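Please find below a colleague's note on the structure shown here. It is arranged as numbered points.

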Amino acid sequence: MRINVDYDRCTGHGICESLAADLFEVGGDGMVHLLSAGLPEDRRAVVESAVAECPTQALSLDG
Amino acid sequence: MTDTGSGLVVVGASLAGLRAAEGARRAGYQAPITLIGAEPHLPYDRPPLSKDFLTAAGPPTATLLREEAVLRDELALTLRLGTTATALDVAAQIVVTDSGEVSYDRLIVATGAAPRTLPGTDRLSGVHALRTIDDAHAIRAAIDGGARTVVVGAGFIGSEIAASAKKRGSEVTVVEALATPLARAVGEELGLALAALHERHGTRLRVGVGVERLEANGVGAVTGVRLADGSRIDADLVVVGIGVAPATGWLAGSGIELGNGIECDENLATSAPNVWAAGDLVSWPNATTGLRMRLEHWTIAAEQGGAAGRNAADPDAATPFTTVPYFWSDQYDKRIQFVGVAEAADETTTVIGDLDSDSFLVLYRRGDRLIGALGLEQRGTVMKFRHLLAANAGWDEAMSFAKERAAAAAAKAAAAR
C-alpha cells in the first residue's frame with residue numbers, strides 16, 4: 001500500500017494529519033509530508049478516509 | 001425495516017449527497033442507489049467557485065467531485081440530475097419530483113441550503129448570489145466586462161468573491177450591515193482582524209451600514225447600491241452574500257421535524273422512519289462540542305454524508321456522528337483556518353504573530369478548556385490543535401503546546417537568516 005500526494009493539488013489543509021498524525025504532517029511550507037515510507041496494512045481504513053476527505057483530492061492510494 | 005427493492009434514494013447531488021452514496025457503498029450496501037439532483041450538472045465542488053473559478057486565466061471549468069464513470073460504474077448510481085424534489089410522503093416512502101415519483105426503502109436528505117436574497121431584486125440583471133456554477137459563470141462574465149462590483153455581506157463567501165474580483169482587476173466595495181463582520185463565526189475581535197484583510201489589499205469595506213435598496217436603469221440593469229445612511233455606490237455587478245437558509249421547503253407538511261433545518265438525532269436520523277439527513281440543513285447534537293449545531297462547512301457536509309450513508313446502509317450498527325468542526329477561507333492568497341467553535345469563548349489569546357499582520361494564530365478558551373483555534377497563514381499548525389480539541393484538551397496544555405510551536409518557528413526563522 002502506497003500513498004501518493006499530488007503536489008499540484010495539495011494546499012495544506014491537513015485533514016489527513018488530523019486523521020493520522022503519525023502518517024501525515026503539514027510542514028512550514030504549507031504542504032503535506034508523508035512521515036512513513038511503508039504503510040502498515042492495519043492503517044488502511046484511516047488512510048482511505050484521508051484520501052476520501054481531502055478537500056483538494058490530492059491524495060491517492062496504490063495497492 | 002422492510003426492503004422492497006427500491007433501495008436507497010439520496011436527494012441532493014452535491015458533496016453531502018455524493019458522500020452519502022459512497023458511504024453506503026463502502027458499508028456494503030448492495031441494493032440500488034438513486035442520486036437525485038436539482039442542477040443538471042454532475043456533482044461538482046463548490047469552494048473553488050468563489051476563488052479559482054473566478055480568477056483562472058483561461059476558461060474556468062468545474063471541479064467534478066467524481067468522474068461520471070466512477071458514479072455510474074464503480075458506485076452503480078442511478079443519476080436523476082436536473083430533477084427537483086418537491087414533496088415527501090414518509091408513510092408511502094415516496095419522493096415527489098418535478099418529473100415523477102421515486103419510491104425508497106431508505107432515504108437521505110441532502111438538499112443543502114439556498115442563498116438569502118435582497119427583497120425586491122429578483123428581476124434586476126447584474127445581481128447575483130453565488131451557490132451554483134451557473135451563478136459563478138455569470139459573476140465571472142460581469143467582472144470580465146469591467147463591472148464595478150459591490151459585494152453585500154462581508155462573510156466568508158462575500159469576502160472571497162471580493163478578493164477574487166479585486167485580483168481580476170475589478171473595482172470592489174464590500175458592504176456589511178453588522179458593525180463586526182464574521183462575529184458569529186470567529187468572535188468580534190477576530191472578525192475585525194480578518195475584515196482588515198480587505199483594506200490591506202485595496203478593497204473598500206463599509207461596515208455597520210445596511211443596504212436601503214438597489215437602483216436600476218430603465219431596462220432593469222443594476223446601476224448602484226443605496227445605503228441606509230443615504231450614500232450611494234455605483235455598481236454594475238452586485239453579489240449578495242448574506243447567508244443561506246436550509247433548503248427544507250419541499251419537506252413542509254411531510255411530518256419530518258424541522259426547526260433550525262432538519263432536527264436529527266446523534267446518528268443523523270430524522271424524526272421519520274428510514275430517513276437520514278446530511279449537510280448544511282442538518283441540526284444534530286455533536287458530542288465532541290456538547291452543542292446542538294447546524295454548520296455550513298464543506299468538511300461537515302463531507303463527513304456527515306459519509307456517516308449518514310453508513311448508518312442508512314446498516315441502521316442496526318449506526319454510530320453517532322461527532323466531529324471537531326473545521327472550516328477555511330482563502331482570500332488575497334491568504335488562508336484562514338478555524339477548528340473548534342468560537343461561540344461563548346471567555347478569552348482569545350494570540351499565540352503566534354500579530355492580529356494586524358497577515359500571519360497569526362489565536363486560541364479560544366472557555367473555562368479551563370481549549371475550544372477553538374484560528375490561523376491566518378498557519379497551515380502547518382492549525383490541524384495540530386484539532387487533535388487537542390478532539391481530546392478535550394485543557395487550556396494550559398494547549399498554551400504550552402502553542403508556545404513550543406512558536407519557539408520552534410522562531411528558531412527556524414533565526415537559523416534561516
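1. The structure is a predicted model. The remarks that follow should be read with that in mind.

2. Domain layout of chain B. The domain assignment divides chain B into domain 1 (8–114 + 249–317), domain 2 (116–241) and domain 3 (333–416). Between domain 1 of chain B and domain 3 of chain B, the C-alpha centres are separated by 33 Å.

3. Contact between domain 1 and domain 3 of chain B. On the side of domain 1 of chain B, six residues take part, and they meet four residues of domain 3 of chain B. The two domains bury about 330 Å² between them, and carbon and sulfur atoms account for 60% of that area. Of the area that domain 1 of chain B buries against domain 3 of chain B, 64% is supplied by B:Thr288, B:Thr289 and B:Leu291, more than any other three residues supply.

4. Polar links between these two domains. One salt bridge is counted between domain 1 of chain B and domain 3 of chain B. B:Glu303 and B:Arg386 form a salt bridge, with 3.2 Å between the closest N and O atoms. One residue pair in polar contact is also counted between the two domains. On the side of domain 1 of chain B that touches domain 3 of chain B, strand 22 (291–293) and helix 8 of chain B each contribute at least two residues.

5. Helix 8 of chain B. This helix covers residues 298–313, 16 residues in total. From first C-alpha to last, helix 8 of chain B reaches 23 Å, close to the 22 Å expected at 1.5 Å a residue. Helix 8 of chain B is also mostly covered, with 15 of its 16 residues buried.

6. Interface of chain A and chain B. How many residues does each chain bring to the contact? Chain A gives 20 residues and chain B gives 22 residues. The size of an interface is often expressed as the accessible area lost when the parts come together. For chain A and chain B, the buried area is about 1,600 Å², with 44% of it on carbon and sulfur atoms.

7. Charged and polar pairs across that interface. Four salt bridges are found across the interface of chain A and chain B. B:Arg19 and A:Glu53 meet through their side chains in a salt bridge, at 3.4 Å from N to O. The interface also holds twelve residue pairs in polar contact. On the side of chain A that touches chain B, the elements giving two or more residues are helix 1 (15–19), strand 2 (24–26) and helix 2 (44–53) of chain A. Helix 2 of chain A provides the largest share of that side, five residues.

8. Salt bridges of B:Arg148. Over all chains, the count of salt bridges comes to 34. In one of these, the side chains of B:Arg148 and B:Asp234 meet at 3.5 Å, N to O. B:Arg148 lies in the loop between helix 4 (133–144) and strand 10 (149–152) of chain B, and B:Asp234 lies in strand 15 (residues 232–234) of chain B, so this pair ties together parts that are 86 residues apart in sequence. B:Arg148 is partly exposed at a relative accessible area of 30%, and B:Asp234 is partly exposed at 41%. B:Arg148 also forms a salt bridge with B:Asp236, where the closest N and O atoms are 2.9 Å apart. B:Asp236 sits in the loop between strand 15 and strand 16 (237–240) of chain B, so its pairing with B:Arg148 ties together parts that are 88 residues apart in sequence. B:Asp236 is partly exposed, with 31% relative accessibility.

9. B:Glu215 forms a salt bridge with B:Arg226, the closest N and O atoms being 2.9 Å apart. Because B:Glu215 lies in strand 13 (residues 211–216) and B:Arg226 in strand 14 (residues 222–227) of chain B, the pair ties together parts that are eleven residues apart in sequence. Salt bridges with shared partners join B:Arg148, B:Arg213, B:Glu215, B:Arg226, B:Arg232, B:Asp234 and B:Asp236 into one network.

Methods. Residues are numbered from 1 along each chain as its sequence is written. Chains are lettered from A and ligands numbered from 1 in the order in which they are written. This is a predicted model: local features need pLDDT of at least 70, side-chain atom pairs count only at pLDDT 80 or more; totals for chains, interfaces and linings use all residues. Side-chain values use heavy atoms; hydrogens and water are left out. Helices (H or I, at least four residues) and strands (E, at least two) are DSSP runs, numbered from the N terminus. The expected span of a helix is 1.5 Å times one less than its number of residues. Buried means under 20% relative accessible area, exposed over 50%, partly exposed in between (1.4 Å probe, protein chains only). Domain bounds come from an automatic or database domain assignment. Contact means heavy atoms within 4.5 Å. Buried area is the accessible area (1.4 Å probe) that two parts lose on being put together, summed over both. A polar contact is a pair of N or O atoms within 3.5 Å; within protein, one must be able to donate a hydrogen and the other to accept it, and residues adjacent in sequence count only if both atoms are side-chain atoms.
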